[in-house]
Amino acid sequence: MSLSAVPAPRVLVIDDTPSIHQDFHRLLAESEGGASLAELRASLFGMPPPRPKGYCFEVDSAFQGEEGLQRVKVALKEGRPYALAFVDVRMPPGMDGVETTERLWREDPDLQVVLCSAYTDYSWEEVVQRLGISQRLLILHKPFQSMEVRQMAHALAEKWELLRRERRRVAELEQANAQLRRETEERRLLEFKLVQAQKLEALGRLAAGLAHEVNNPLSFIIANLHHVRGELKALAATQPPRDVEELQESCHDALQGCERIQRLVQDVRGFSRGRSFPDAPVALDTVLEDALAMANLAQVPGLRVEWARCPVPPVLADEHGLGQVFLNLIINALHAVAKGPAEPRLRVATGLLADGRVWAEVQDNGHGIAPEDLGRIFEPFFTTKPPGVGTGLGLFICHGLITGFGGELSVESQPGQGATFRVLLTAAPADAPSSAVA
């Protein structure tokens, strides 16, 4: 392995006197004999020897401040910056050493500088006023001693290397910290999903039992109501029509209520059993149109409905379950804008992601969701509606249905800026039967 694996620190000498450059090269540059010996040791031991305390430097020369500045720029561009520069104070007719140092530091703030002068052109106070008090700056008076030059070069080069090593270490730690934050967030999300799955499982068992217990007596009630309605029709021929019609209307209303309960029980039973991936695709636009038609948009005066359609393929889902999800999301949006903004707005949009998944959004400009509630919005029995208005199961069941289809349901909201619910679904295969599309 070549000694070049351990590059020598680079030193730039900026001075208008050629003999000064010869002196710096003699004191700091590596001799050919030293390099050959190091190469021989590297070949014998199979690895480069550690740099000795009196290591040598790669020394470059510049005879004016502008030339030195250009060398520093090129060195940075090549990724081989200088560790330190010896800069003469007097370099007529161009920039003096102080101005050169100012411009060098603008290009490379890490550069260590030694100002060299045989005169008192600047007092220390004037130097500080121009360059500030900096640990990157030392003063060397001419004529200098060999030991002084070598000591300064070694110390400043070591400090330069330590600073760069520390900066790299800080960058590595910041990168590791960012990775740790990402992993912590991913773990938090996984734990949240696990808790949600456990709640779904527990609620599913409870729902299955309740649905069974409710369904049996409900079936008897519906059967008896149908019997009563039939008897009332027969009785209408012999009794005053007004009295019988009132009873028939009451019977009809009771049957409608029972049928709603029955549908709810069926949904809960289906939810508790879990939903497997359907074999047939569903047209998303058709489901959204039906949900909008059923939502009674006229209940919000002055409502502006926006629909940003995008051609999307059919999705894998259950048509009834998906319709239930979007109807629930639209009704929640209507509740949010009913007593909120002066110009209530409901926006429904669809689109396609780069990975092929289909998305649909329901957005409102209502009062929004408080930050402390966002993390609980899909929990069972959690609701921000007044008592008796919401059960806290709507969004929970929607979340369960969408995840059952292999999709995702998420929400973004800020107080006073409305809420956006996004549904992600898997696109149906291209060879799926077209007749299955709703």
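This is a predicted model: local features need pLDDT of at least 70, side-chain atom pairs count only at pLDDT 80 or more; totals for chains, interfaces and linings use all residues.
Colleague: Which residues is Asp108 in contact with, leaving aside its neighbours within four places in sequence?

Modeller: Once those neighbours are set aside, Asp108 is in contact with Val72, Leu76, Pro81 and Tyr82. As for its place in the chain, Asp108 sits in the loop that links α4 (97-107) to β4 (112-117).

Colleague: What is the nearest side chain of opposite charge to Asp108, and how far away is it?

Modeller: A salt bridge requires a side-chain nitrogen of Lys or Arg within 4 Å of a carboxyl oxygen of Asp or Glu. Asp108 is buried and has no salt bridge, since the nearest side chain of opposite charge is that of Arg164, 6.4 Å away.

Colleague: How should I read the two sides of a strand, and which residues of β4 point each way?

Modeller: The general idea is that side chains in a regular strand alternate between the two faces of the sheet. In β4, Gln112, Val114 and Cys116 point one way, while Val113, Leu115 and Ser117 point the other way, and all of them are buried.

Colleague: Which strands pair with β4, and in what sense do they run?

Modeller: Strand β3 (residues 84-88) runs parallel to β4 and is joined to it by five bridges; within this pair, Phe86 stands opposite Val114, and Asp88 stands opposite Cys116. Strand β5 (residues 137-141) also pairs with β4 in the parallel sense, over five bridges, with Leu137 as the bridge partner of Val113. Going on from β3, we find strand β1 (residues 10-14), which pairs with β3 in the parallel sense over four bridges, and there Leu12 has Ala85 as its bridge partner.

Colleague: Which helices belong to the β-α-β units that contain β4, and what is the hand of those units?

Modeller: Helix α4 makes a right-handed β-α-β unit with β3 and β4, and helix α5 (residues 124-131) makes a right-handed unit with β4 and β5.

How values were computed. Residues are numbered from 1 along each chain as its sequence is written. Side-chain values use heavy atoms; hydrogens and water are left out. Buried means under 20% relative accessible area, exposed over 50%, partly exposed in between (1.4 Å probe, protein chains only). Lys and Arg count as positive and Asp and Glu as negative; His and the chain ends are not counted. Contact means heavy atoms within 4.5 Å. Two strands pair if DSSP finds at least two bridges between them. A crossover is right-handed if, with the strands pointing away from the viewer, the path from the first strand over the helix to the second runs clockwise.
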